Protein chains: 2
Amino acid sequence: MKTRGNLIVLSGFAGVGKGTVLKSLFETHEGYAYSVSATTRAPRPGEVNGVHYFFVSKERFEEMIEEDELLEYASYVGNYYGTPRSYVEEKLEDGFDVILEIEVEGALNVRKKVPDAILIYMLPPGARVLQERLKGRGTETDEVIARRMKRAGEEAQRVSEYDYIIVNYDVDDCADQLDALIRSQRLRVRSNLPFITKLQKELKELT
Amino acid sequence: MKTRGNLIVLSGFAGVGKGTVLKSLFETHEGYAYSVSATTRAPRPGEVNGVHYFFVSKERFEEMIEEDELLEYASYVGNYYGTPRSYVEEKLEDGFDVILEIEVEGALNVRKKVPDAILIYMLPPGARVLQERLKGRGTETDEVIARRMKRAGEEAQRVSEYDYIIVNYDVDDCADQLDALIRSQRLRVRSNLPFITKLQKELKELT
């Protein structure tokens with residue numbers, strides 16, 4: 001009996017280390033699938049259709065919106081980005097835990113469509129650490145950093161709408177903790193109704 | 001900042017191996033406290049007050065019921081058994097995850113008083129395995145075994161009222177899985193409101 005996977009929605013401030021932690025999670029743990037987004041923007045050199053994104057036309061994307069084929073979508077600097085429901089559904093059925101890395105608004109929209117989705121927010125150990133990490137990248141101006149910190153402050157107000165938080169003290173520890181959290185969600189009663197029903201039937205037959 | 005522990009309610013059919021798994025959990029993992037019950041029955045040789053049970057008089061027990069000092073209680077062959085709220089509360093405040101091993105009725109009563117309690121049901125891999133384990137004990141008559149199997153069949157109908165199930169394929173694996181499940185509950189947003197509030201404040205101060 002293959003158990004259906006869980007849909008995991010992961011959010012976090014810019015600079016908190018989501019990408020690095022997910023890289024560690026995917027490299028060192030099995031059973032995960034990363035949700036591939038659909039977008040109307042043009043592929044960049046090296047980007048592969050179906051791997052980095054599903055590249056679609058504006059017309060096709062708007063059809064997907066119409067037909068409720070997306071779990072969530074947003075438009076950003078003139079292009080659409082969204083999560084195709086069918087790809088996620090297929091991976092879940094195959095038993096993978098599917099990770100969706102999106103922002104607060106999208107996350108809460110996903111919850112409306114998939115009430116069983118598990119919403120996790122990744123946090124830094126403290127505000128100062130976040131600031132240092134953003135500075136440490138060395139690629140952003142002070143102004144951009146200040147804007148990101150302000151944005152983090154706003155987003156922090158929404159964290160309590162999530163199910164779980166995970167604090168990124170150390171990349172590999174955080175990936176391990178994330179793995180333990182996601183695996184333990186497989187023990188939810190609602191994820192195991194076929195097993196429970198089977199056992200009930202067996203017990204009835206034996207008595 | 002010491003994080004408050006979680007109240008874990010563990011139930012399972014007779015013979016499923018709750019005692020053995022908890023023994024393994026307590027021996028190989030830290031941070032757990034076992035809830036000590038109060039009872040009106042007389043201590044048996046070797047039983048220590050405050051370790052095995054809190055031994056109290058019938059009058060004192062009934063006072064505890066009156067004063068709502070118990071999370072749940074039941075009477076069994078003429079004696080009362082119950083869970084003192086103050087002991088559990090103290091251990092939770094000290095940061096321990098407190099494990100309460102009780103039956104379905106008691107478990108659902110605890111949930112009413114402690115909505116944050118996490119209800120876990122331990123199941124055997126299959127009905128046949130349970131029957132073999134009960135036989136393997138070698139201490140029970142066929143009649144008793146048949147009665148326990150019948151009882152398991154009845155209890156199985158209530159499993160879907162729990163939050164999580166855990167399947168006891170192997171004692172040590174099951175203890176590890178239980179540990180991972182309980183630890184991951186510490187990541188619940190509602191268990192981390194002080195940390196979230198502190199971070200929100202820090203972010204505000206830095207921007």
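Which strands of chain A does helix H3 (residues 85-93) lie across? I looked: H3 of chain A lies across S5 and strand S6 (79-84) of chain A, at about 25° to S6(A). Contact here means C-beta atoms, placed from the backbone, within 7 Å. Angles run from 0 to 180 degrees between N-to-C directions, with axes fitted to C-alpha atoms, for helices over the stretch in contact. Helices (H or I, at least four residues) and strands (E, at least two) are DSSP runs numbered from the N terminus.

The model is predicted: local features need pLDDT of at least 70, side-chain atom pairs 80 or more, while totals for chains, interfaces and linings use all residues. Residues are numbered from 1 along each chain as its sequence is written, with chains lettered from A and ligands numbered from 1 in the order written.

Next I checked the sheet in chain A. It is open, has 4 strands in the order S4-S3-S6-S5, and its pairing is mixed (strands pair if DSSP finds at least two bridges between them). I noted S4 (53-55) and S5 (70-76) as the edge strands, each pairing on one side only.

In chain B I looked up S8 (residues 118-123). I found 5 of its 6 residues buried (20 or more other C-beta atoms within 10 Å of the residue's own, C-beta atoms being placed from the backbone). S8(B) runs parallel to S1 (residues 7-12) of chain B, with 5 bridges, and Leu10(B) stands opposite Ile120(B). S8(B) also runs parallel to S9 (residues 164-167) of chain B, with 4 bridges; there Met122(B) stands opposite Ile166(B).

Note on methods: Buried ≥ 20, exposed ≤ 12 C-beta atoms within 10 Å, placed from the backbone. Contact = placed C-beta atoms within 7 Å.
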